[in-house]
Amino acid sequence: MDDAGQHVFEHNPTTPLAGASTQKLLTSTALLLALGADARLETSAVTIDEPSGGVVDGHLYMVGGGDALLATRSWRDHFRRQPRTIDDVEQLAQAIVDAGVTRITGSVIGDASRYESTTYHPAWPRRFFDDREIGPIGGLMVNDGFASFPSAATPGAPTLPSTNVGADAANILTLALRVRGVEVVGPPRSGRAPEGATEVATMQSLPIRDVVAQMLTDS
């Protein structure tokens, strides 16, 4: 600490520390400078071969583009005291249907490989995990990385972080597709989309300015 240019106090000055919530200001500034306030993040659905006659012969890959607001309406609505902004994952399901897909002979596979494999900061205190305040972070995460939570449909459900964000995202998309009449033969799971895959549908996030606003407001 300095006072009028005079160094008056120090405590472990060379010890590296993990930043707390104020570090969001730096992250937000970096996002706005690098991408711009109007930029949007994309979550896409791709296949190895282009669908034929409405049929995806093989797997449909749900590829995450880093949209941290990707969520279901039930997740949004269970925050009664803290309003949430979300990018409704059902938009992607509807875009797939609008592209003419009626049957997937394989599985929906969630690709969360956009970012590194570290999903929790090693310096976070144990209470974050014990109190279930945080879910894992990844390139494809739905509902802030939580696999289970109480909602109007499941009021007694426990709040549980996901153990596989890619598979859980694929499960949510699979259910949304089946509700819309799409037959999905295989079970949802996680994996990496192949290089050169064909894009079937995509959904865009809210503008970065809205992503930043949610991040700075909700802590």
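For the charges of this protein, Lys and Arg count as positive and Asp and Glu as negative, while His and the chain ends are not counted. The place of a charge is taken as NZ of Lys, CZ of Arg, CG of Asp or CD of Glu. On that basis, the mean positions of the 17 positive and 26 negative charges are 7 Å apart. The structure is a predicted model, in which local features need pLDDT of at least 70 and side-chain atom pairs count only at pLDDT 80 or more, whereas totals for chains, interfaces and linings use all residues. Residues are numbered from 1 along each chain as its sequence is written, and side-chain values use heavy atoms, with hydrogens and water left out.

**Overall form**

- The protein has six helices and 14 strands; helices (H or I, at least four residues) and strands (E, at least two) are DSSP runs, numbered from the N terminus.
- Along the principal axes, the C-alpha atoms fill a box of roughly 75 × 40 × 25 Å.
- Of the 219 residues, 36% count as buried, where buried means under 20% relative accessible area, exposed over 50%, and partly exposed in between (1.4 Å probe, protein chains only).
- The protein exposes about 12,700 Å², of which carbon and sulfur atoms supply 52%; accessible areas come from the Shrake-Rupley method with a 1.4 Å probe, and for residues only the protein chains shown count as cover.
- Among contacts (heavy atoms within 4.5 Å) with a separation of 6 or more, 72% join residues 24 or more positions apart.

**Helix H5**

- Helix H5 covers residues 165-179, and its end C-alpha atoms are 21 Å apart, which agrees with the 21 Å that its 15 residues should span at 1.5 Å a residue; the expected span is 1.5 Å times one less than the number of residues.
- Buried residues of H5 include Val165, Ala170, Ile172, Leu173, Thr174 and Leu177.
- The buried residues of H5 pack against strands S5 (60-63), S8 (103-104), S9 (108-111), S12 (183-184) and S13 (189-190), and against helix H3 (90-98).

- Valine 108 lies in strand S9 and is buried, because its relative accessible area is 0%.
- The C-alpha atoms of valine 108 and alanine 45 are separated by 9.1 Å, although the two residues are 63 residues apart along the chain.
- Asparagine 143 is found in the loop between helix H4 (126-130) and strand S10 (146-148), and its relative accessible area of 3% makes it buried.
- Asparagine 143 touches Trp75, Phe149 and Ile172, among others, not counting residues up to four places away in sequence.

**Aromatic rings**

- Rings of Phe, Tyr and Trp (its six-membered ring) pair if their centres lie within 6.5 Å; planes under 30 degrees apart count as stacked, over 60 as edge-to-face and the rest as tilted.
- By this rule the count comes to six aromatic pairs.
- Tryptophan 75 and phenylalanine 79 form an edge-to-face pair, 5.0 Å centre to centre with 85° between the planes.
- Tryptophan 75 counts as buried at 4% relative accessibility, whereas phenylalanine 79 is partly exposed at 21%.
- The rings of tyrosine 120 and phenylalanine 129 have centres 5.0 Å apart and planes at 65°, so this pair is edge-to-face.
- Trp75, Phe79, Phe146 and Phe149 form one aromatic cluster.
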